Amino acid sequence: MENKLIVSSSPHLKSDESIRSIMTDVLVALFPAALAAIIFFGFRALITIVLCMLSAMITEAVILRKKDIFGDGSAAVTGLLLAMTLPPAPPWWLCIIGGVVAIGIGKQVFGGLGNNIFNPALVARAVLMISWTGHMTNWLSPIDLVSSATPLASAGTPDFLKLFVGNVAGSLGETSAFALLLGAAWLFYKGHINWRIPTGYLAVVFVMGILLGSQGVSLSAGLFHVLAGGVILGAFFMATDMVTSPVTPKGQLIFGLGCGLMTMLVRLYGSYPEGVTFAILLMNAVTPLIDNLTLPRKYGEVAK
Amino acid sequence: MKTFKGGVHPGDRKSATEKKPVVPAKPPAVAIIPLSQHIGAPCEPLVAVGDEVKMGQKIGDSKGFVSAPVHSSVSGKVIKIDTCKSAPGGTVDAIFIENDFQDTWHEDVKPNPNWEKLSADELKKIVREAGIVGMGGATFPTHVKLSPPPENKIDYVLVNGAECEPYLTSDHRAMLERPDDLIVGLQLIMKMVGAEKGCIGIEDNKPDAVEAVTKAAAKDPRIEVRALPTKYPQGAEKQLIKVFTGREVPSGGLPAHVGCIVQNVGTCIAITDAVCKGLPLIERIVTITGSGINEPKNMLVRIGTPLEDVIEQCGGFKPNLKKLILGGPMMGFAQPGPENLPVTKGTSGILCLTDEEVTIEEIGPCIKCAKCVEVCPVSIMPLFIGSSVEQGLYDRAEKYDAMDCIECGCCSYICPAKRPLTQWIRMAKSEIAAKRRAAAK
């Protein structure tokens, strides 16, 4: 037989899913939110998104010396996620620095995809936040694009419908809860995220919001804390980042609860109005510990 | 429907052969009978070059307890004792017999009209002498399984009719064509181990088999036939036990430790043949299928028939054949070619895959998506064992329970980074076993 056969270890069937297909699914899932951001904030939002994605992808291609700048798609996802955490109209150089920091310092210094400890997009956001606080908190109200405060920093009764649909000031991905949930539903359907992290996260934010809000025990305060700011984006897209979150079922729930707790501690008692970024980064740091403490009970485990 | 934790859905891919009745394959001109077709001690030849042998004659046996004798599947003359290839790789000694095409039976092969009166010990002796082994592919000697330590009371005999491996239909056809013999075999096993309950689990993608076996089992109230969800590895021993009895085989233990014995459909029918008709195990049903074969079939093939003969009777390979597998696609063994390779007791299928199904993909980094953790039916951590093996850290692999792996292949199947997790875990298991052996000395 001239035709050489392949001899390899079983199994001989593989699923069609690949890293690239998963990353593409995440990009698809972020599309509604990105579209909502462009609708509400206009052309400037599009520029921000494109600059962040290109900067992240080019940085990755340069470091890996690869010509295919999409590659496995992970840099594009990081770039888009970073854009979603930025205000609508940051200076162009801020976007580019963000992309370089996310991929260079957030990911490649650790050894590239799969080896980073912290969520790269959030690492970049944290660096930008600390270095250029003014630019990073230049919130604009949607449509008319005048400066206004993020709902988290403003007093008064929140308008829940506005919060849900997205017609509020904030960063690109903080505006429309509806668009984010639509994308999250896609990720659930594809099996790339499960209920544990988002549910744990949102439950703690909701309950702490009800019990510890400024107006005493109030249901609407709980709902406000879930819908305002970056909690939805964080709970469904940032905390669920595969690389930096636990792999054990119990660990994922604990991770979600921890993210919720840290977020609310920053929001209620910290000096920043928003705590999602630091909450998730802190929990990222303890992910390996959580994994090792929550190994599942194996089949036929004998008590030692 | 009750099922086990984890598992994958690779698609059953059985349509090419599930409706095709079993047809007998032509007896080979030269039968190649390997002296080791089972787990355990290899047999010593009982015949020499030049000897005349008859069909069903025992031609190899061993004094070891964990072993099974081998028989000639043709009548004729021993022309050489040489080596042939074995499914898992490497070579084994084999007896080459030139067929005289007379099919003269050996005088020991005769029906036993009083088989219903045989005692458990007499039955076990017949099973051993007939050379019966686990026919699902594991080839563990059946009489050993039927002789659990006396302190383990067996109350359940479970029959694996799940046939959860994609492509394969040999058990499916056996259940459709010989349901009564399956039930007799199960009843005999229950008698041998003194069990009061018999259970047959069949995946629900075979409703006709569920119906046929349920009908055949209707006379015996001790036997339960249950349709199980179609999910791989539904037929795995430990998973079947959990589904039917709720019990878990303790880590490192045997099914007998929780009062269970699991047998495959083909094995049960072979036991019926041995006890009632006096037939040793000299033929078996083989599914020859896959996109790389011209005429997919289910065939009744004599043990020792060269693979090339069987392939020829199925119209030959397609030109774009890329992989030849003995067994199913999830746990079977890939072969470098069909030459000098006979059908043995463990050959449940000959699977021919083409370049449409076989791709060589680059191994990517682990992105910790946890899909392997989710699908693992024994709840170990394939990703951590894999990365430990990659770094040569076998102690760490042991800590993540590599030894509990059942090698079903779900983790490798699901991994989006195409990491060969099952292969790495196998490496870890053999390294850890070697270390334990060294420590025991």
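**Notebook: a two-chain predicted model**

I began with strand β13 of chain B (residues 283-289), which is mostly covered, with 7 of its 7 residues buried. For me, buried means that 20 or more other C-beta atoms, placed from the backbone, lie within 10 Å of a residue's own; 12 or fewer is exposed, and in between is partly exposed. Strands (E, at least two residues) and helices (H or I, at least four) are DSSP runs, numbered from the N terminus.

A note on the ground rules: this is a predicted model, where local features need pLDDT of at least 70 and side-chain atom pairs count only at pLDDT 80 or more, while totals for chains, interfaces and linings use all residues. Residues are numbered from 1 along each chain as its sequence is written, and chains are lettered from A and ligands numbered from 1 in the order in which they are written.

Which way do the side chains of β13(B) point? I found B:Glu283, B:Ile285, B:Thr287 and B:Thr289 pointing one way, B:Arg284, B:Val286 and B:Ile288 pointing the other way, and all of them buried.

Next I looked up pairing, which needs at least two DSSP bridges between two strands. β13(B) pairs with strand β14 of chain B (residues 297-302) in the antiparallel sense, over 6 bridges. There, B:Thr287 has B:Asn298 of β14(B) as its bridge partner. With strand β17 of chain B (residues 349-354), β13(B) pairs in the parallel sense over 3 bridges. B:Ile288 is bridged to B:Ile350 in β17(B).

**The parallel sheet of chain B**

I then traced an open sheet of 4 strands in chain B, ordered β11-β10-β9-β12, with parallel pairing. Its edge strands are β11 (223-228) and β12 (260-264) of chain B, each pairing on one side only. From one strand to the next, the twist averages 20°. Angles here run from 0 to 180 degrees between N-to-C directions, and axes are lines fitted to C-alpha atoms, for helices over the stretch in contact.

Strand β10 of chain B (residues 197-203) runs parallel to β11(B), and 6 bridges join them. One pair I noted is B:Gly198 with B:Ile223 of β11(B). Helix α5 of chain B (residues 207-217) packs on the sheet and touches β10 and β11 of chain B, its direction making about 170° with that of β11(B).

How far apart are the axes of α4(B) and α5(B)? Helix α4 of chain B (residues 179-193) packs against α5(B) with the axes 9 Å apart, at an angle of about 55°. That angle makes α4(B) oblique to α5(B); the scheme calls under 35 degrees roughly parallel, over 145 roughly antiparallel, 65 to 115 roughly perpendicular and the rest oblique. In the contact (C-beta atoms, placed from the backbone, within 7 Å), B:Pro179, B:Asp180, B:Leu182 and B:Ile183 of α4(B) meet B:Ala212, B:Val213, B:Ala216 and B:Ala217 of α5(B). I sorted these residues by class and got 7 nonpolar, no polar and 1 charged. Nonpolar covers Ala, Val, Leu, Ile, Met, Phe, Trp, Tyr, Cys and Pro; charged covers Asp, Glu, Lys and Arg; the others, Gly among them, are polar.

**The antiparallel sheet of chain B**

Chain B has another open sheet of 4 strands to look at, with the order β2-β8-β7-β4 and antiparallel pairing. β2 (30-34) and β4 (52-53) of chain B stand at the edges with a single partner strand each, so one side of each has no neighbour in the sheet. β4(B) runs antiparallel to strand β7 of chain B (residues 76-85), joined by 2 bridges. Here I saw B:Val53 opposite B:Gly76 of β7(B).

**Over to chain A**

What does chain A contain? I counted 14 helices and 0 strands. Of its 304 residues, 51% are buried. Among chain A contacts with a separation of 6 or more, 69% are between residues 24 or more positions apart.

I picked out helix α8 (residues 177-190) and helix α11 (residues 231-238) of chain A, whose axes come within 10 Å and cross at roughly 10°. That makes α8(A) roughly parallel to α11(A). A:Ala177, A:Leu180, A:Leu181 and A:Ala184 of α8(A) meet A:Ile232, A:Leu233 and A:Phe236 of α11(A). This contact has 7 nonpolar, no polar and no charged residues.

In helix α10 of chain A (residues 219-227), I found A:Gly222, A:Phe224, A:His225 and A:Leu227 buried. After α10(A) comes A:Gly229, with a positive phi near 70°.

Terms used:
Contact = placed C-beta atoms within 7 Å.
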